[in-house]
Amino acid sequence: MIPLAEPDLSGNEAAYLQECIASNYVSSVGPFVERFEALIAQSAGTATAVATCSGTAGLHVALVAVGVGPGDLVVTPAYSFIATANAVAIAGADPWFVDISPASWTLDPEALDAALARDVVRNGNVAVHRPSGRRVAAILPVHTLGHPADLDAIALVARRYGVPIVADAAAAIGASYRGKPIGAAGADLSVFSFNGNKTITSGGGGAVVGPDPALVKRVRHLSATARAGAAYQHDAVAFNYRMTNLQAAVGCAQMERLGAIMAAKRAVRARYVAGLAGLNGAGVPPAATWAESAFWINGVDLANATDAQRTAAVDRLRKDGIDAREFWQPLHRQQPYRGALAETQTISERLAAGFIALPSSSNLSASDQERVIAACRRAVAG
Ligand SMILES: Cc1ncc(COP(=O)(O)O)c(C=O)c1O
């Protein structure tokens, strides 16, 4: 099988892991954690970063840091990995699903504006969801597949209601928005994932970045048991979400090669754009002019396909030795979120039926990719 997204561990990963063992620094105290945080901050365009044990943990602590709590609502797209909504639920809040835009597959600012204008009033510093009386405590756009959401347009709406923005940037390391690195592009906090299938991996892990040092400091505090002094004193209910030196060692070796890995990702994207053009109306994920995507996962969008047609195409590709996958199903249709507030989900539903993820690793060879493209053309032709 040509894999969907495999890590490339050909740099200093093994040497740095060996260094952890030799120095006895394997836990969340250790020099690689600080080095990794500095590398993430540099790439994200922020002064600091907080490394966490996963992207989900990073999202949870970020939501808590901006004040999301029990009973609140958090506006987010339904087209995402379930971890986005899980972080909201773990914080005690409920997601309110708004559709994505066809131009970017990210939270649609017009749909967001319309939903809030219809149902939300600002009462001092609090945005109140009129039908339920609940607080709208955050907007959580997702940089879908590494493509930045339209942060300026989302921020315009968020500011009107005084609601903070936490961006799920799980797949967006290396991306930029209107020329700004993704951590400095308009969200109060942005959260990366370094899960094994991501562009940069630390085995598992995440990081939280943002432009306000005081808020990032709060994230750091909450991610490390809210320790208030050298003795065992703590000033809040908090988490043990820190990344370990072992994870950070792998992450540092990966980040040293970020430029080359991103260039490889762009080359993979360009070959798909060229190879899949004009294929029975099918398309590749969009790239808005205002965004430089990290192109985490590529694939083919079988416009107007049915579930059965998509499943048949995936089966054919897999028989050809290609790890093609049916992809995210919208979160409002997932069992834990069926009761959540949800606006009309036209684009999310269409993508769920039509999008097939294709091999996208940074070390995908041109010849393997030609095989994928040829098989894809056969599968889509029927
Ligand atoms: C969009 C999105 N959000 C959140 C996550 C959660 O990250 P993690 O697996 O590191 O917890 C992932 C990936 O796994 C993701 O793709």
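**Reading the fold**

Modeller: Let us begin with contacts, where two residues are in contact if their C-beta atoms, placed from the backbone, lie within 7 Å. Among contacts in the protein between residues at least 6 apart in sequence, 72% join residues at least 24 apart. This is a predicted model, in which local features need pLDDT of at least 70 and side-chain atom pairs count only at pLDDT 80 or more, while totals for chains, interfaces and linings use all residues. Residues are numbered from 1 along each chain as its sequence is written.

Biologist: How many helices and strands are there in the protein?

Modeller: Helices (H or I, at least four residues) and strands (E, at least two) are DSSP runs, numbered from the N terminus. The protein has 12 helices and 16 strands.

Biologist: What percentage of the 382 residues is buried?

Modeller: A residue is buried if 20 or more other C-beta atoms lie within 10 Å of its own, exposed if 12 or fewer, and partly exposed in between. Here, buried residues account for 55% of the 382 residues.

Biologist: Which residues have the most contacts inside the largest nonpolar core?

Modeller: In soluble globular proteins, nonpolar side chains tend to be buried together. A nonpolar core is a set of buried Ala, Val, Leu, Ile, Met, Phe, Trp, Tyr and Cys residues joined through C-beta atoms within 7 Å. The largest one has 129 residues, and A62, L63, V74, V166 and V208 have the most contacts inside it. At least three residues of this core come from each of domain 1 (13–255) and domain 2 (258–381); such domain bounds come from an automatic or database domain assignment. Leaving aside residues up to four places away in sequence, V74 touches several others, including L63, W96 and L140.

Biologist: How far apart do the C-alpha centres of domain 1 and domain 2 lie?

Modeller: Those centres are 25 Å apart. The contact between the domains takes 41 residues from domain 1 and 34 residues from domain 2. Elements giving two or more residues to the domain 1 side include β2 (73–77), α4 (82–90) and β3 (94–98). Of these, β3 supplies the largest share of that side, 5 residues.

Biologist: In what order do the strands of the open sheet of 3 strands run?

Modeller: Two strands pair if DSSP finds at least two bridges between them. The order is β9-β8-β12, with antiparallel pairing. β9 (180–181) and β12 (291–292) are the edge strands, each pairing on one side only. Between β8 (residues 176–177) and β12 there are 2 bridges, and S176 stands opposite E292 in β12.
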